[in-house]
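Welcome, and take a moment to look over the sequence and the 3D view. The briefing below walks through a few features by topic.

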Amino acid sequence: SFWLAMNRKATCIGITPVQSQIDDCLKQRAVLKLEQQVAFKLADFCNTDFEDESFDVVWALESQCHAEQKIDFYKEAHRVLKPGGRLIVADYLRTKRPLEKKQEALLNSWLKTWAIKDLDSEKEHLANASASGFKEVIIKDVTKNMRVSLKNLHRNASNWLLFGRFLTAIGIRSKTQHANQVGSIRQFEALEQNLWFYSFITAIK
């Protein structure tokens with residue numbers, strides 16, 4: 001939101017169900033002096049209180065995956081977009097459904113640590129977006145652009161795993177924080193087995 005406001009002169013509203021994220025964003029907004037361009041609020045992206053046809057763009061960055069039913073996100077995004085408005089999503093997609101049993105277990109060992117119930121496939125995303133009324137739905141695999149960052153995250157998480165266990169054992173770090181670190185390891189392991197890919201999804205109302 002800050003980047004869009006500063007570089008595209010956009011007026012943005014960022015939503016999240018986590019109050020601590022709102023608090024951090026409000027502090028940063030004050031530092032950047034963007035109070036007139038950017039707002040933040042607690043909201044469920046599958047059920048907002050925004051009026052119909054109130055946005056030119058709906059943009060979701062690694063967040064839509066957390067919807068239990070992805071179609072609920074698409075329906076709400078379609079509702080709040082103006083005619084001709086654009087949907088943009090950057091997120092994780094499973095390569096197919098079903099995977100083999102061991103592959104499914106590996107994928108889920110990552111997802112559960114990051115509070116993700118499941119990932120949809122490209123076919124499922126296309127069907128859900130179209131059923132929600134979107135047109136010109138395009139899904140682009142951009143994993144090659146993300147691989148270096150994903151590999152670095154895996155390396156750092158692996159190198160600090162034992163220390164992370166120690167911090168958790170003595171109560172300095174929570175079990176949830178440690179699970180996030182383990183998830184960063186499982187994420188890349190699942191990627192190396194081609195169980196998921198990183199995508200850009202665009203669509204028009």
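Does Tyr92 count as buried or exposed? Tyr92 counts as buried because its relative accessibility is 7%; buried means under 20% relative accessible area, exposed over 50% and partly exposed in between, with a 1.4 Å probe and protein chains only. Please keep in mind that this is a predicted model, in which local features need pLDDT of at least 70, side-chain atom pairs count only at pLDDT 80 or more, and totals for chains, interfaces and linings use all residues. Residues are numbered from 1 along each chain as its sequence is written, and side-chain values use heavy atoms, with hydrogens and water left out.

**The sheet**

- Four strands make an open sheet with mixed pairing, in the order S3-S4-S6-S5; strands (E, at least two residues) and helices (H or I, at least four) are DSSP runs numbered from the N terminus, and two strands pair if DSSP finds at least two bridges between them.
- Strand S3 (55-61) and S5 are at the edges with a single partner strand each, so one side of each has no neighbour in the sheet.
- From one strand to the next, the twist averages 10°, with axes fitted as lines to C-alpha atoms and angles running from 0 to 180 degrees between N-to-C directions.

**Strand S6 and its partners**

- Strand S6 (residues 196-204) is mostly covered, with seven of its nine residues buried.
- S6 pairs with strand S4 (residues 81-94) in the antiparallel sense over nine bridges.
- Tyr92 has Tyr198 in S6 as its bridge partner, and Arg94 has Trp196 in S6.
- S6 also pairs with strand S5 (residues 135-141), in the antiparallel sense over five bridges, and Lys140 stands opposite Phe200 in S6.

**Aromatic rings**

- The structure holds 14 aromatic pairs; rings of Phe, Tyr and Trp (its six-membered ring) pair if their centres lie within 6.5 Å, and planes under 30 degrees apart count as stacked, over 60 as edge-to-face and the rest as tilted.
- Tyr92 and Trp196 form an edge-to-face pair, 5.3 Å centre to centre with 90° between the planes.
- Tyr92 lies in strand S4 and Trp196 in strand S6, so this pair ties together parts 104 residues apart in sequence.
- Trp196 counts as buried, at 1% relative accessibility.
- Trp110 and Trp196 form a tilted pair, 5.0 Å centre to centre with 40° between the planes.
- Trp110 lies in helix H4 (residues 101-111) and Trp196 in strand S6, so the pair ties together parts 86 residues apart in sequence.
- Ring pairs link Tyr92, Trp110, Trp114, Trp196, Tyr198 and Phe200 into a cluster.
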